[in-house]
Amino acid sequence: KKIEGNQEALVESPIYKLPVYIKAGAILPMQAPVQHAREKVTELILHIYAGTAETSFPYYEDDGSTFAFEQGDFSLRMIHYNGGSNTVKIEKQKGSFTSPNKTIKLVLHGTGAIQKLQVNNRPVVCQQIRNVFFLPLEKFDPITDSDSMGDEAVVEATFPFTSETIEIIW
């Protein structure tokens with residue numbers, strides 16, 4: 001449900017539904033859950049929330065366990081989203097760190113149905129899925145009538161992760 005800013009809103013929130021509000025135009029990089037800090041993931045999950053403004057996010061990576069970043073062993077990439085032109089640009093990497101990421105899963109929220117998008121002028125097939133951020137703790141949760149903490153229709157596409165500039169258009 002869309003709520004305009006600069007106002008109060010009373011929203012029904014039963015005990016089994018967690019209200020989460022995300023600003024239009026938000027860029028949220030995520031990864032699959034890990035068991036410990038040394039476990040490496042190979043997919044960046046990039047959530048983009050539809051909006052009309054231009055937004056940016058600095059995406060930073062390093063090895064997470066040493067001070068090698070002080071000698072330039074890090075990766076910094078600016079991610080830009082332009083809601084007016086339906087584009088995402090991931091700038092070329094700064095720094096010498098080699099990311100363990102091999103793919104990017106782009107998840108577009110609030111854009112409506114999209115069949116294809118272009119990544120660096122190449123078509124990539126999209127699919128509409130039901131995205132669920134929070135599943136109930138069924139084993140431990142005494143509330144038995146909740147099937148999820150909320151879900152929504154999103155558009156998802158997966159493509160290679162590279163250290164060069166990545167331009168996405170839909």
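This is a predicted model: local features need pLDDT of at least 70, side-chain atom pairs count only at pLDDT 80 or more; totals for chains, interfaces and linings use all residues.
**Aromatic pairs**

Rings of Phe, Tyr and Trp (its six-membered ring) pair if their centres lie within 6.5 Å; planes under 30 degrees apart count as stacked, over 60 as edge-to-face and the rest as tilted. I took F67 and F69 as one case: their ring centres are 6.1 Å apart and their planes stand at 45 degrees, so I noted the pair as tilted. F67 is exposed, at 61% relative accessibility. F69 is partly exposed, with a relative accessible area of 32%. My cut-offs: buried means under 20% relative accessible area, exposed over 50%, partly exposed in between (1.4 Å probe, protein chains only).

I turned to Y81 and W170. Their ring centres are 6.2 Å apart with planes at 10 degrees, so this pair is stacked. Y81 lies in strand β4 and W170 in the segment after β11, so the pair ties together parts 89 residues apart in sequence. Y81 and W170 are both buried.

Residues are numbered from 1 along each chain as its sequence is written, and side-chain values use heavy atoms, with hydrogens and water left out.

**A charge over a ring**

Which ring does the charged end of R77 sit over? I found the ring of F161, with the charged end 5.2 Å from its centre. The rule asks for NZ of Lys or CZ of Arg within 6 Å of the ring centre and within 35 degrees of the ring normal.

**The six-stranded sheet**

I traced an open sheet of six strands in the order β3-β4-β5-β11-β7-β8, with antiparallel pairing. β3 (54-61) and β8 stand at the edges with a single partner strand each, so one side of each has no neighbour in the sheet. The twist averages 20 degrees from one strand to the next. I noted how that angle is taken: axes are lines fitted to C-alpha atoms, for helices over the stretch in contact, and angles run from 0 to 180 degrees between N-to-C directions.

Strands here are DSSP runs (E, at least two residues), as are helices (H or I, at least four), numbered from the N terminus. Two strands pair if DSSP finds at least two bridges between them. β3 and β4 pair in the antiparallel sense over eight bridges. I checked F57, and its bridge partner in β4 is I79.

**The five-stranded sheet**

I then followed an open sheet of five strands, in the order β1-β2-β6-β10-β9 and with mixed pairing. Its edge strands are β1 (27-30) and β9 (127-132), each pairing on one side only. Here the twist averages 30 degrees from one strand to the next.

I went along the pairs. β1 joins β2 (residues 43-49) in the antiparallel sense over four bridges. P29 has L46 as its bridge partner in β2. β2 and β6 run parallel over seven bridges, and I45 stands opposite K105 in β6. β6 and β10 pair in the antiparallel sense, over seven bridges. There T103 stands opposite P160 in β10.

Is β6 covered or open? I found it mostly covered, with five of its seven residues buried.

**The nonpolar core**

Which residues touch the most other members of the largest nonpolar core? Of its 24 residues, L117 and I168 do. Strands β2, β4 (75-82), β5 (87-90), β6 (103-109), β7 (116-119), β10 (151-160) and β11 (166-169) each supply at least two residues of this core. A nonpolar core is a set of buried Ala, Val, Leu, Ile, Met, Phe, Trp, Tyr and Cys residues joined through side-chain atoms within 4.5 Å.

I listed the contacts of L117 (heavy atoms within 4.5 Å). Leaving aside its neighbours within four places in sequence, they include L106, L108, A157, I168 and W170.

Most residues other than glycine have a negative phi. I found N6 with a positive phi of about 60 degrees, although it is not a glycine. N6 lies in the segment before β1 and is exposed at 86% relative accessibility. N120, also not a glycine, has a positive phi of about 50 degrees. I placed N120 in the loop between β7 and β8 (122-125). N120 is partly exposed, at a relative accessible area of 33%.
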